[in-house]
Amino acid sequence: MNQVLGKRLSWPVQIVLWIFAFYIAWNIMDNGYAKLMQDPGTMQFFESIGLPAYAMMAAGVVEFVGPILLFLPWVSFYAAAAVAVVMATATYYNGSSDWVTINSLVLAIIIAIFTRPGFLRKKPIITKITI
């Protein structure tokens, strides 16, 4: 399922993607857990930027479950895309000073690119028409 242009990913590439996924999991799962447990400081931050409580819960689910799903090849693209959206939103609201968020965003985008499903891959262009 984890294929690029119709071929399975090589083991070195897959190992690098797992290292990226481990980095993301190591850095954001605790934040996701805090959001799911409705940490008062986190709730206060979400209220201060004008986001509702359900946005905090949605971000918590993505930050806690998303890194786990990055290790499953058949859903890693979707998990990486969701993590990238949450990290992009966090970068926007926190500013660009949080390097962990920016690194997680970039690594999630890399994982999404390498694990994208077949319908998102570039199709060969027909260059010759025969009659």
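The model is predicted: local features need pLDDT of at least 70, side-chain atom pairs count only at pLDDT 80 or more, and totals for chains, interfaces and linings use all residues. Residues are numbered from 1 along each chain as its sequence is written, and side-chain values use heavy atoms, with hydrogens and water left out.

H4 and H5 pack at about 150 degrees, and their axes are 8 Å apart. Axes are lines fitted to C-alpha atoms, for helices over the stretch in contact, and angles run from 0 to 180 degrees between N-to-C directions. H4 and H5 are therefore roughly antiparallel. That class takes angles over 145 degrees; under 35 counts as roughly parallel, 65 to 115 as roughly perpendicular, and the rest as oblique. On the H4 side, the contact (heavy atoms within 4.5 Å) includes Phe77, Ala80, Ala84, Met87 and Thr91. Ile102, Ser104, Leu105, Ala108 and Ile109 are among the residues that H5 brings to the contact. By class, 14 residues of the contact are nonpolar, four are polar and none is charged. Here Ala, Val, Leu, Ile, Met, Phe, Trp, Tyr, Cys and Pro count as nonpolar, Asp, Glu, Lys and Arg as charged, and the others, Gly among them, as polar.

Ser104 belongs to helix H5, which spans residues 99–114. Ser104 is buried, at a relative accessible area of 0%. Buried means under 20% relative accessible area, exposed over 50%, and partly exposed in between (1.4 Å probe, protein chains only). With residues up to four places away in sequence set aside, Ser104 touches Tyr23, Ile24, Asn27, Ile28 and Met87. Met87 is also one of the H4 residues that meet H5.

H4 (residues 76–94) also packs against H3, at an angle of about 145 degrees and with the axes 9 Å apart. H3 passes H4 in a left-handed crossing. H3 contributes Ala59, Val62, Glu63, Gly66, Pro67 and Leu69 to the contact, and H4 contributes Ser76, Ala79, Ala82, Val83, Val86 and Met87. The contact has nine nonpolar, two polar and one charged residues.

Thr42, Met43 and Phe46 of H2 make the contact with Ala55, Met56 and Ala59 of H3. Five of these residues are nonpolar, one is polar and none is charged. Ala59 of H3 also takes part in the contact with H4.

Phe46, in helix H2, is buried at 9% relative accessible area. Beyond its neighbours within four places in sequence, Phe46 is in contact with Lys35, Leu51, Pro52, Ala55, Met56 and Ala59. Lys35 and Phe46 are 11 residues apart along the chain, and their C-alpha atoms are separated by 9.9 Å.

Leu36 is placed in helix H1. Leu36 counts as partly exposed, at 23% relative accessibility. Its contacts, not counting residues up to four places away in sequence, are Met57, Gly60, Val61 and Phe64. Leu36 and Ala58 are 22 residues apart in sequence, with a C-alpha to C-alpha distance of 8.6 Å.

Gln38 sits in the loop between H1 (11–36) and H2. Its phi is near 55 degrees, a positive value in a residue other than glycine. Gln38 is partly exposed, with a relative accessible area of 42%.

The chain as a whole has five helices and two strands. These are DSSP runs numbered from the N terminus: H or I of at least four residues for helices, E of at least two for strands. From the N terminus on, the order of elements is β-β-α-α-α-α-α. Of the 131 residues, 33% are buried. Among contacts with a separation of 6 or more, 67% join residues 24 or more positions apart. The chain exposes about 8,500 Å², and carbon and sulfur atoms supply 71% of that area. Accessible areas come from the Shrake-Rupley method with a 1.4 Å probe; for residues, only the protein chains shown count as cover.

Note on methods: A crossing is left-handed if the near helix is turned anticlockwise from the far one by less than a right angle, and right-handed if clockwise.
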